[in-house]
Amino acid sequence: MTEDEWMQVCIVEARRAFEHDDVPIGCVVVDADGKELARAHNAREHDQDPTAHAELVALKGAAMKRGSWRLDRATMYVTLEPCAMCAGALVLARVARLVYGATDPKAGAVGSLYNIAQDARLNHRVDVTAGVLADECGALLKEFFAGKRPGSASL
């Protein structure tokens with residue numbers, strides 16, 4: 001599948017977060033052979049867990065499926081630029097590549113505020129591709145927050 005097709009999978013997954021009033025972020029982890037390892041969406045509200053970001057839930061699922069915490073050669077696709085916690089988890093899991101949709105100027109840690117995924121001081125760096133279907137990914141977030149904060153459609 002192409003990057004756009006995988007991001008479409010993430011968008012479908014992100015929409016599932018609306019069902020339990022979570023911020024609509026979707027994620028999928030794919031092995032080097034193109035096989036899906038795991039997919040997830042934000043579940044902080046559903047699970048009452050501050051760490052239940054789509055990326056962390058998907059990383060856990062991918063590690064379980066692979067039978068190893070080392071996710072080298074895997075690619076993560078996610079609708080929004082990861083935060084510091086999730087970017088750190090990508091590095092620690094040795095994920096090879098990250099592809100994300102919309103940038104996050106308020107909390108993004110893969111270029112916006114920080115660049116944890118490519119910090120040369122760390123023992124692993126993640127190859128990053130940004131902006132895949134960014135408009136569609138950003139529209140989900142704007143829709144969600146417009147419902148939360150009438151009169152405001154910003155991220």
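Two strands are said to pair if DSSP finds at least two bridges between them. In this predicted model, β1 and β3 pair in the antiparallel sense, and 4 bridges join them. Within this part of the structure, Val-30 stands opposite Thr-75 of β3.

An open sheet is formed by 5 strands, which follow the order β2-β1-β3-β4-β5, and its pairing is mixed.

Two packed helices are described by the angle between their axes and the distance between the axes. For α1 and α5, the angle is about 10° and the axes lie 10 Å apart. Angles under 35 degrees count as roughly parallel, and α1 and α5 are therefore roughly parallel to each other. In this contact, α1 contributes Met-7, Ile-11, Ala-14 and Arg-15, which meet Glu-136, Cys-137, Leu-140 and Glu-143 of α5. Sorted by class, the contact of α1 with α5 comprises 5 nonpolar and 3 charged residues, with no polar ones.

Strand β3 contains Thr-79. The relative accessibility of Thr-79 is 1%, and this residue therefore counts as buried, the limit being under 20%. Neighbours within four places in sequence being left aside, Thr-79 is in contact with residues that include Met-7, Cys-10, Ile-11 and Ala-14, as well as Cys-137. Further contacts of Thr-79 include Pro-24, Ile-25 and Gly-26, together with Gly-101 and Ala-102.

The largest nonpolar core consists of 49 residues, among which Leu-59, Met-76 and Leu-98 touch the most other members. At least two residues of this core are supplied by each of the helices α1 (3–17), α3 (54–66), α4 (84–92) and α5 (134–148), and likewise by each of the strands β1 (26–30), β2 (36–41), β3 (75–80) and β4 (97–102). The largest share, 6 residues, comes from α1. Residues up to four places away in sequence not being counted, Leu-98 touches Met-76, Val-78, Pro-82, Leu-90 and Val-110, and also Val-126, Asp-127, Val-128 and Thr-129.

Notes
Residues numbered from 1 in each chain as written. Predicted model: local features only at pLDDT ≥ 70, side-chain atom pairs only at ≥ 80, totals over all residues. Heavy atoms only, no water. Core = buried A, V, L, I, M, F, W, Y, C linked by side-chain atoms within 4.5 Å. Buried < 20%, exposed > 50% of the residue type's maximum accessible area, 1.4 Å probe, protein only. Contact = heavy atoms within 4.5 Å. Axes fitted to C-alpha atoms, helices over the stretch in contact; angles between N-to-C directions. Parallel < 35°, antiparallel > 145°, perpendicular 65-115°, else oblique. Nonpolar A, V, L, I, M, F, W, Y, C, P; charged D, E, K, R; others polar.
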